[in-house]
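Please examine the sequence and the three-dimensional model shown here. The explanation after it is meant to be read with both in view.

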Amino acid sequence: MPLRILITGSNGLLGQKLVAALRNDPEVELIATGRGGDRTPQALGDRYHTLDITEPDSVREVIISTRPTTIIHTAAMTNVDACELDPPACHRQNVQATQYLVEAAKDVGAHFIFLSTDFVFDGAQGPYTEEALPSPLSVYGHSKLEGELIVMNSGLEKWAVARTIIVYGVAPGLSRSNVVLWAKDALEKGAPIRVVNDQWRMPTLAEDLADGCIRIAKRGVTGIFNLSGPDGMTILELVERVGHFFRSDTRIIEAVGSDQLGQPARRPPRTGFVLDKARRELGYSPRTFEEGLAVLKTQLGSSEGVDR
Ligand SMILES: NC(=O)c1ccc[n+]([C@@H]2O[C@H](COP(=O)([O-])OP(=O)(O)OC[C@H]3O[C@@H](n4cnc5c(N)ncnc54)[C@H](OP(=O)(O)O)[C@@H]3O)[C@@H](O)[C@H]2O)c1
């Protein structure tokens, strides 16, 4: 029997990469769902369902009528500062909606895969294994941890939490950009930029994250899985490496501490993941940062016309 994989947030960065990887997969029947209309580059037709995950009746209706074997739940309020400024909205989208989806998943016996984040940690001592104890610093981090706990304590027969870090890539019509695209554009414009030198991360190519999620889905595994890129760096180093790769002048970068940016949400200083479990149990093999930038460069140069 083929897997029937339902994706939430199919217009988002990860959602679009999942759709691209699965739409022609003979082992998979794809059910894409997103807020409003389908914004993926090639229309999905009747494989797309409009679904606002904060509406419990719609969640139930779509899941009961499509009966997925697997749900990859990517949709979320992903802007960390917006979450900090509007905790009720963050709770509705990241916690309550996850509860609605999990309840419906239980009704149809689906394998539930929840996307989570390094921001469930306080960043005191990364890189983290899957067993490390979460301790979020922000409203967003708390909301994703609550989502994780809903999934883990749900009584679902099969579930997975896929944690990731700074996802980058290109896709059409995204509602928000990502740090790599921001850095590339800002450096090309040549205006001075301020970049933090005290936050350490392992950035993740969206295609690699999609591949990791699909490996979880096809193996039907339960548990927490770290799915990030393999290379650790500060955000300052990240921006410099983007600049060097795309041959931009990096002298316009001013290194600053997080306290100088005045962002509403606190960020963990040092995250990063130990990837041994994902490599061993899933065969996950993410690309180096420069290999990821090469993928992005090819896509930006392709004739598909990526607007963002
Ligand atoms: N991006 C990162 O750096 C990062 C890091 C760690 C973890 N994660 C996690 O990874 C997952 C995927 O992230 P991403 O980079 O693909 O994020 P993204 O590009 O911001 O996509 C999120 C998608 O969720 C959709 N969405 C939000 N609220 C919704 C609602 N009420 N109903 C239906 N759809 C809704 C958005 O719809 P619209 O397009 O209409 O706005 C958007 O398409 C998220 O769960 C996120 O928490 C991301």
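Predicted model: local features only at pLDDT ≥ 70, side-chain atom pairs only at ≥ 80, totals over all residues.

Residues are numbered from 1 along each chain as its sequence is written, and side-chain values use heavy atoms, with hydrogens and water left out.

The protein chain contains 11 helices and 13 strands; these elements are DSSP runs numbered from the N terminus, helices being H or I of at least four residues and strands E of at least two. Its radius of gyration is 19 Å, close to the 19 Å given by the globule rule for 308 residues, so the chain is as compact as a globular protein of that length. That radius is taken over C-alpha atoms, and the rule is 2.2 Å times the number of residues to the power 0.38. Along the principal axes, the C-alpha trace spans about 55 × 45 × 40 Å.

Of the 308 residues, 53% count as buried, where buried means under 20% relative accessible area, exposed over 50%, and partly exposed in between (1.4 Å probe, protein chains only). Contact means heavy atoms within 4.5 Å. Among contacts between residues at least 6 apart in sequence, 79% join residues at least 24 apart.

Strand β5 (residues 111-117) has 7 of its 7 residues buried, so it is largely enclosed by the rest of the structure. H111, I113, L115 and T117 point one way from β5, whereas F112, F114 and S116 point the other way. Strand β4 (residues 70-73) runs parallel to β5 and is joined to it by 4 bridges; two strands pair if DSSP finds at least two bridges between them. Within this pairing, H73 stands opposite F114. Strand β6 (residues 159-164) is also parallel to β5, with 6 bridges between them, and W159 in β6 is the bridge partner of F112.

Which residues does C90 touch, not counting residues up to four places away in sequence? They are M77, C83, V95, V139, Y140 and S143. C90 itself lies in helix α4 (residues 87-108) and is buried, with a relative accessible area of 0%. S228, in the loop between β11 (223-226) and β12 (233-234), is likewise buried at 0% relative accessible area. Leaving aside neighbours within four places in sequence, S228 is in contact with T164, I165, M202, T204, F273, L275, Y284 and P286.

G173 occupies the loop between β7 (167-168) and α6 (179-189) and is partly exposed, with a relative accessible area of 25%. G173 and I224 are 51 residues apart in sequence and 31 Å apart in space, C-alpha to C-alpha.

Some backbone features complete the picture. A cis peptide bond, with omega about 0°, joins G126 and P127, and P127 lies in the loop between β5 and α5 (139-152). I166, although not a glycine, has a positive phi of about 30°; I166 sits in the loop between β6 and β7 and is partly exposed, at 22% relative accessible area. R247 is not a glycine either, yet has a positive phi of about 55°. R247 belongs to the loop between α8 (235-245) and β13 (253-256) and is exposed, with a relative accessible area of 76%.
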